[in-house]
Amino acid sequence: MPTTNSPSAAWLTQEAFDRLTGELAQLSGPGRAEIVSKIEQARSEGDLKENGGYHAAKDEQGKIEARIRQLSELLRDAHVGESPADDGVVEQGMVVVASIAGDETTFLLGSREVGSDDMDVFSERSPLGMAIMGHKAGDKLNYVAPNGKTIDVEIIAAKPYQA
């Protein structure tokens, strides 16, 4: 099982880690080869200044390389597999139900790469994430949002994320 290399490492389920590792392998191998082929093909068509296919392929290459860097960093530092204890204390990998400025919200505290499309995800490094870490159901607190406003939060529940 991979271990954490950083104190602020993202928590990932084993399933998310495996999926992202596969994506990284595909992008680093066949994905790179495919984009290099597209660039070479477009380059052979002549004048690069007015070659839309060439510029599109170069843009795609930039996006692929950025995603490779993002995945490499995420996977290198990830804390994988172990679900947090079901003790009601907010930490990475928990689904939190909280009243935020009077509105009840349910979200995953962790990496967007783990959460489903129908659940909000907040990073543990976000202002909200940093404020609620270590708190438990019933705790009332507040934090200062990036816009300078103080926001009241009440933790209602915290349970380990189940994929």
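**Close-ups of a predicted model**

Searching the whole structure turns up 8 salt bridges. Keep in mind that this is a predicted model.

**View 1. Arg67 and Glu23 join two helices.** The side chains of Arg67 and Glu23 come together in a salt bridge, with 2.8 Å from N to O. Arg67 sits in helix H2 and Glu23 in helix H1, so to speak a link between distant parts of the chain, 44 residues apart. A bit of background: side chains of opposite charge can pair when their charged atoms come close.

**View 2. Lys38 pairs with Glu34 along helix H1.** Here the closest N and O atoms of the Lys38–Glu34 salt bridge are 3.7 Å apart. Both residues belong to helix H1 and are 4 residues apart, about one turn of the helix. Lys38 counts as partly exposed, at 32% relative accessibility, and Glu34 is partly exposed too, at 44%. Take in Glu60 as well, and you have a network of salt bridges linking Glu34, Lys38 and Glu60.

**View 3. Glu124 meets Arg125.** These two side chains form a salt bridge, 3.5 Å from N to O. Is each partner buried or exposed, or something in between? Glu124 counts as buried because its relative accessibility is 9%, under the 20% cut-off. Arg125, at 47%, counts as partly exposed.

**View 4. Helix H1 bends at Gly31.** The bend at Gly31 is about 40°.

**View 5. The largest nonpolar core, and a second one.** The largest nonpolar core has 19 residues, and Leu12, Leu20 and Leu75 touch the most other members. Helix H1 (14-43) and helix H2 (52-77) are the elements that give two or more residues to this core. The biggest share comes from H1, with 8 residues. There's also a second, separate core of 17 residues, including Leu109, Leu141, Tyr143 and Ala145.

**View 6. Ala101 has a positive phi.** Its phi is about 55°, although Ala101 is not a glycine. You'll find Ala101 in the loop between strand E3 (94-100) and strand E4 (103-109). Ala101 counts as exposed because its relative accessibility is 56%, over the 50% cut-off.

**View 7. Residues 1-7 have pLDDT under 50.** Over this stretch the model has 13 contacts beyond four places in sequence. For the chain as a whole, the mean pLDDT is 86, and 91% of the residues reach 70 or more.

Definitions and conventions:
Residues are numbered from 1 along each chain as its sequence is written. This is a predicted model: local features need pLDDT of at least 70, side-chain atom pairs count only at pLDDT 80 or more; totals for chains, interfaces and linings use all residues. Side-chain values use heavy atoms; hydrogens and water are left out. Buried means under 20% relative accessible area, exposed over 50%, partly exposed in between (1.4 Å probe, protein chains only). A nonpolar core is a set of buried Ala, Val, Leu, Ile, Met, Phe, Trp, Tyr and Cys residues joined through side-chain atoms within 4.5 Å. The bend at a residue is the angle between axes fitted to the seven residues ending there and the seven starting there. pLDDT is the predictor's confidence in each residue, from 0 to 100. Contact means heavy atoms within 4.5 Å. A salt bridge is a side-chain nitrogen of Lys or Arg within 4 Å of a carboxyl oxygen of Asp or Glu.
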